[in-house]
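Take a walk through this structure, one part after another.

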Amino acid sequence: MNLAQTRIGQVVTVSHVAGEGSFRRRLMELGLVPGTRVEVIGVAPLGDPLELLVRGSSLSIRRGEAEDVAVSLGETASSERAATPSTAGRAEGNSGLASRGLARSAP
Amino acid sequence: MTQQALTSASARATGATPTAARTPLLLLIGNPNTGKTTLFNRLTGQNARIGNYPGITVERRSGDLTLHADGPPRVVEVVDVPGAYSLSARSAEEQIALSAVLGWAENPRPDLCVVVVDAGQLARNLYLVTQLLELDIQVVVALNMIDEVRENPPNAAALSRFLGVSCVATDARHGKGLVELERAISAALALPPRTALRIDYPNALERDLERVAMALPSAWSESKTRARALALWALTSIEADDELQGVDETLRARCLEVRAEADARDIDQEVIATRYALIDAELPKLYPRLETHPKKRKTSERVDRVLLHPVFGFAIFISLMLLMFQSLFSWSDPAIRLIETCTSLSANFVEAHVPESIVRDLVTRGVIGGVGNVVVFLPQILLLFFCIGILEDSGYMARVAFLMDRIMKALGLHGRAFVPMLSGFACAVPAILATRTMERQRDRLLTMLVVPLMTCSARLPVYTLIIGALFPPSRVFGLLPVQGLLMIAMYLFSTFITLLAAGVLGRTAVKGRRIPLILELPPYRLPSLSGTLSMMWRRATMFLKEAGSGILIFTILLWALLSFPRPAHVAEPPPLAAAIHQQFAPKQQVQSAPSPAPTRDPSPIEQSYGGRLGKAIEPLLRPLGFDWKIGVGLIGAFAAREVFVSTLGLVYGIGDADENTTPLRDKIRNERRADGSAAYSPLMGLSLMVFFALSCQCMSTLMVVFRETRSYRWPLFMFGYMTALAYVASLLVYQGGRLLGF
């Protein structure tokens, strides 16, 4: 199913974001990456756009674009932890700042 | 300009490295709705300077902050960067944040960036912070709106450890945490933090980054860290059809090549998901408890259940908009009357104390009239920006866009265009200034181009005069008054044409790539009065400074056009000037003024250049049913549409005419052609009203569009298309009506 087919109050998990390049990128930058929990908060009185809750923030998009966001019902374990999406292929290393990549660079 | 500012400007111009001699530059950057502008106002007080970013008409606000911490006071220049969710860009406007941060494209190079983040929405806000840190930008984080998350406050120290930069909890609205922030800024300026965040991306992407980095222009790769970050930026920004400026062709080709070769891999998702994974992994350490649905959102959603309700929501929306419109339309009236009275009193004062001469006329009619023409806009501008300030600050403006999006989308307009469009019914000038609430240049331009088609209040006197003079006070079916119906018809007609024009122009003249809507409904907040007042003040002074001189000059030019050459023996005041002057006289005075007896001599206005011009264009106006007298009226109406009435009065030798003056109505009604037939028929009246509805008879509107777009092109285009539209429509009405036998 996709986001446009959800009902108000439903909690879903993003499985894939499709659509036009720059808009798709902007949606993901606003937090809609695969694995993310999304709550459908409401729909505008005229039926469009939708209001979503993504990572504790409000985000409204139109139905036409919501159709490009594939979702599955409910929260997955990963979305509950708001954690690593499988496709990202995160580099190893989760302990401590240095290995997560915080390093001082030469000026 | 102070000595310090001068040195800083020259130091920046030569691209010198930061030294103690110049004013350090501090950027405020952050997502929209994070209280960035409130913080800017808090830090700089009321001394904001407003300019534009180089090469683009996006407002650049800067001000001075005096740091007192550690030693002698030190002045820092602060710039408020437009809100951005990310540094990746597709258009020149979105590119501003990156250019400002890196000191590119003629932007001065900043010494420090203060990233303003919403303490309640760290996940989304930290995305931008990771981008800045990857770029090796010197950063201090202001953890703002900390007051709104009292029950689950993020830990500033933990965030500081995570990012490796100072993080200060602030509440800009109530002015809390500012001393600590200033101290952190001082410390960071004294000892620049050199913390770059290095995120490890999947191996395949790392290889892509190296390939892109090799194609970077040399100016972009001053360090390995920055080169890698810019390669990331390029890879997630450059597209075959982007609208970016100043991107090297080699780099562009390389990015497209790398993306094409990525095949099944999803580069955008690799970059973005990796950054979010880093943030997500850290979040549990930043908040006492992780909330998927924060309390401040829940409160706001409860309010939205009413305010966005299909029935109550719209009822409240319509009431609020009517209230706003009412205030623009009628509450501003006493202030406008007062300004008009003051204008006419000062003109009278000069007339009473200075002997008759051309200079006196220039002063009273041209200069004082012109100043009056400018100041008269202030009440509506102030009121409109008061409303906008409250709507924006409270979070309701985003709801207006949310409610109206479906309708506005169909017209190709942004949801936020609704308020400016509605204000257009009062006056196009404040409405055009109000388009600044829209971020995209294209949306602003489209709204600006169609707003002057709305029936503004200045058209009412013209309609009143024509309807009163040429249409009988009879009733349709013995019930509905013809005159009232006509007035309503004119409103409906102009609204219909405005929407039609938006649809057409949005697909032709200001065609831009259709951008999908992304809207954030911020939590409801109590609007801040001081913020709103300071915005009103800024807008008003900007209008006076920028558009004021132009309007003044045009008023004087029009005065000259309709006053020269001066008739040899006539001691009457120069016509247009008198028209303008009289426009500013209190209404009661006008009505009680005796009308001089009609004269058969040619009026001075007929002999003026304007009068000759009116006669010269008569052949053009004939097919619309107009004669040269109407032509002169149209020329005079450039000062302001309602001046048409008094100019026409002068053409007929009626000194003080307004739309309700009986002699003027009679003149129009009884005007005869050479063959004795009535010169002005109801059909001609309709044609004239249609002409007024569609033409751009307002130099102030053109002047404001010129200032807002910083180009001659758009005001000229606006004048051209509106005049053409008006001409064709009037022609159709008049000739069509005649064919039908009217």
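Chain A has 3 helices and 6 strands. This is a predicted model, so every value here is computed from predicted coordinates. Follow chain A from its N terminus, and the elements come in the order β-α-β-β-β-α-β-α-β. Chain A has 107 residues, and 44% of them are buried.

How are the strands arranged? In chain A, 5 strands form an open sheet. Read across the sheet, their order is β4-β3-β2-β1-β5, and the pairing is antiparallel. The edges belong to β4 (57-61) and β5 (69-73) of chain A. Each of these edge strands pairs on one side only. The sheet is also twisted: from one strand to the next, the twist averages 45 degrees.

Now zoom in on one pair of strands in this sheet. Strand β1 of chain A covers residues 11-17, and strand β2 of chain A covers residues 37-43. These two run antiparallel and are joined by 3 bridges. Look for A:Val12: opposite this residue stands A:Val38 in β2(A).

Take the contacts in chain A with a separation of 6 or more. Of these, 58% are between residues 24 or more positions apart.

Next, turn to chain B. Chain B is divided into three parts: domain 1 (3-190), domain 2 (203-265) and domain 3 (550-739).

Finally, bring the two chains together. How many residues of chain B are in contact with chain A? The count is 57, and they meet 50 residues of chain A. Several elements of chain B each supply at least two residues to this side, among them α4 (122-134), β8 (195-197) and α16 (396-410). Which element of chain B gives the most? That is α10(B), with 12 residues. The chain B side that touches chain A divides into 26 nonpolar, 13 polar and 18 charged residues.

Terms used
Residues are numbered from 1 along each chain as its sequence is written. Chains are lettered from A and ligands numbered from 1 in the order in which they are written. This is a predicted model: local features need pLDDT of at least 70, side-chain atom pairs count only at pLDDT 80 or more; totals for chains, interfaces and linings use all residues. Two residues are in contact if their C-beta atoms, placed from the backbone, lie within 7 Å. Helices (H or I, at least four residues) and strands (E, at least two) are DSSP runs, numbered from the N terminus. Ala, Val, Leu, Ile, Met, Phe, Trp, Tyr, Cys and Pro count as nonpolar, Asp, Glu, Lys and Arg as charged, and the others, Gly among them, as polar. A residue is buried if 20 or more other C-beta atoms lie within 10 Å of its own, exposed if 12 or fewer, and partly exposed in between; C-beta atoms are placed from the backbone. Two strands pair if DSSP finds at least two bridges between them. Axes are lines fitted to C-alpha atoms, for helices over the stretch in contact, and angles run from 0 to 180 degrees between N-to-C directions. Domain bounds come from an automatic or database domain assignment.
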